[in-house]
Amino acid sequence: MTDPVLRLSGITKRFGAVSANEDVSLELHKGEIVALLGENGAGKTTLMSVLFGHYVADKGQIEVMGRPLEPGSPAAALKSGVGMVHQHFTLAENMRVLDNIILGTESLFRFSSNRKKAAQKLDGLMKQFGLTVNPQSLVRDLSVGQQQRVEILKVLYRDAGILILDEPTAVLSPQESDALFATLEQLVARGLSIIFITHKMREVMAVSHRCVVLRQGRIVFQCPTRDTNPAALARAMVGKAVETAAAPKITERQTGAGRQTVLSLEKVCAADVFGTGLTDLDLTLKAGEILGIAGVSGNGQAMLADIICGMARPDAGCVNVGATAVKRICPQNMIRAGLGRVPDDRTGTGLITDLTVMENLAAESYRQSPYSRWGLLRTKQMTAFAKERIQKFDVRCPGPGALVRNLSGGNMQKLILARELSGSSGIILANQPTWGLDVGAAAFVHRRLIRAAEQGAGVVIISEDLDELLEISHRIQVMVRGRLSAACKTEDAGREQLGMAMAGHSDQGVAHAS
């Protein structure tokens with residue numbers, strides 16, 4: 001094997017008493033794609049931040065192309081050929097593609113930009129790597145997949161030989177993901193080297209040459225991808241076997257309450273000044289089923305979630321809980337109607353991070369018995385309830401009095417589930433329920449949502465991860481530009497057809513569900 005283009009030797013990084021990375025040694029070779037895996041908090045982001053110069057390691061050193069890399073300097077990392085594409089794009093949407101790519105590459109003391117020379121270099125890169133995009137297009141007019149190409153071209157324009165991709169398919173449709181994989185194959189065929197950070201096992205197996213697993217800041221597993229499998233990687237990530245989940249079966253013999261409609265939206269329209277609104281949207285959710293809403297980010301999912309939660313009101317159409325129309329749509333009325341909500345923003349709208357675990361668990365029911373009497377809170381009962389929920393949902397924290405802001409993302413999500421699934425919710429809205437969670441935490445969330453459906457609740461899952469929806473949903477609808485396709489049974493749903501619908505090319509083949 002050739003000499004490595006990147007070598008991390010004995011990297012240790014501590015924050016006070018917490019060791020984020022402990023004696024991590026990693027090599028990357030020319031033309032190689034390494035998948036970097038690990039639970040949330042395993043140290044992946046810290047390690048990449050040390051590599052890219054955002055942090056300085058307490059111990060260890062980094063070599064790029066056989067030369068020591070100056071620590072704590074992103075400029076030095078870029079100059080040495082290390083480039084990074086973040087999960088959330090860093091593009092100026094009101095500027096053209098060419099301007100985004102050359103931004104920051106020319107001296108501030110130049111009187112003019114050499115746009116002709118830059119355009120020629122960009123054209124050469126697009127031809128060399130098969131990354132086609134119109135240099136004169138405004139970024140805001142590009143699809144998500146095209147914007148990602150711009151991010152990659154920004155790195156290539158700076159002559160990077162090492163590319164770090166952080167969750168690169170998080171906002172892509174399946175077709176756009178496949179196109180990205182084809183691009184990565186072109187890049188490595190021309191000598192680039194890639195570190196690929198992802199939680200999606202299908203992508204790991206499809207695109208990487210070697211897998212490296214971090215757990216509690218240390219490398220615990222690494223081997224060629226062809227010599228491992230998703231189950232072994234998941235076990236290495238969490239330290240034990242991970243139970244997978246599957247949607248509970250609903251038989252045709254189920255009648256009565258088990259198949260009653262618990263939520264329906266009829267011809268709902270809503271304008272959204274901050275994003276895509278809704279147009280003539282129909283949705284029907286039955287008790288005991290999981291309905292998946294697929295779609296690429298920014299197609300109206302946020303507005304749909306807000307209307308179901310009562311945080312926004314439709315301009316037209318009707319929202320029904322059971323057979324009754326909701327006359328005044330607001331969060332309080334939807335909660336009273338039996339809605340449990342798992343929002344996409346855990347720290348913004350899901351939890352109050354400056355309050356304790358106990359206070360957050362009681363936030364939606366503190367006025368009810370047995371938590372209050374004559375207008376006074378009964379903290380003893382609230383504490384007992386919190387302890388029971390913490391244990392049942394495996395919320396890892398010091399106790400009911402722990403501040404929520406000190407919890408990990410996975411434990412925050414468990415806390416929300418502990419609150420929303422603690423009552424008699426007949427409807428559950430889970431918006432991006434496993435966003436940013438590792439495989440173990442995601443499996444836990446899936447099992448809890450499935451258990452709620454088995455107990456008779458209707459569950460709506462809004463997710464940009466089509467694999468997640470295909471795994472646990474009974475029916476799937478695709479959301480594009482504020483409209484919903486007809487629902488189809490999951491077993492009848494073709495991944496390619498759903499992906500085409502998500503990309504807005506076609507909704508043909510998305511059959512009606514019974």
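Predicted model: local features only at pLDDT ≥ 70, side-chain atom pairs only at ≥ 80, totals over all residues.
Residues are numbered from 1 along each chain as its sequence is written. Local features need pLDDT of at least 70 and side-chain atom pairs pLDDT 80 or more, while totals for chains, interfaces and linings use all residues, and side-chain values use heavy atoms, without hydrogens and water.

**Exercise 1.** Find the buried residues of helix H17 and say why they lie on the same side.

*Solution.* Start with the helix, residues 495–502 (helices are DSSP runs of H or I, at least four residues, and strands runs of E, at least two, numbered from the N terminus). Its buried residues (under 20% relative accessible area, 1.4 Å probe, protein chains only) are Leu498, Gly499, Ala501 and Met502. They span an arc of only 160° around the axis (taken from the directions from the helix axis to the C-beta atoms), so they share one side of H17. Next, look at the cover: it includes helix H6, strand E13 and helix H16. Finally, Gly504 follows H17 with a positive phi near 85°.

**Exercise 2.** Which residues touch the most other members of the largest nonpolar core?

*Solution.* Take the core (buried Ala, Val, Leu, Ile, Met, Phe, Trp, Tyr and Cys residues joined through side-chain atoms within 4.5 Å), which has 49 residues. Val357, Leu449 and Ile461 touch the most other members. Helix H15 contributes the most, 7 residues.

Note on methods
Buried < 20%, exposed > 50% of the residue type's maximum accessible area, 1.4 Å probe, protein only. Contact = heavy atoms within 4.5 Å.
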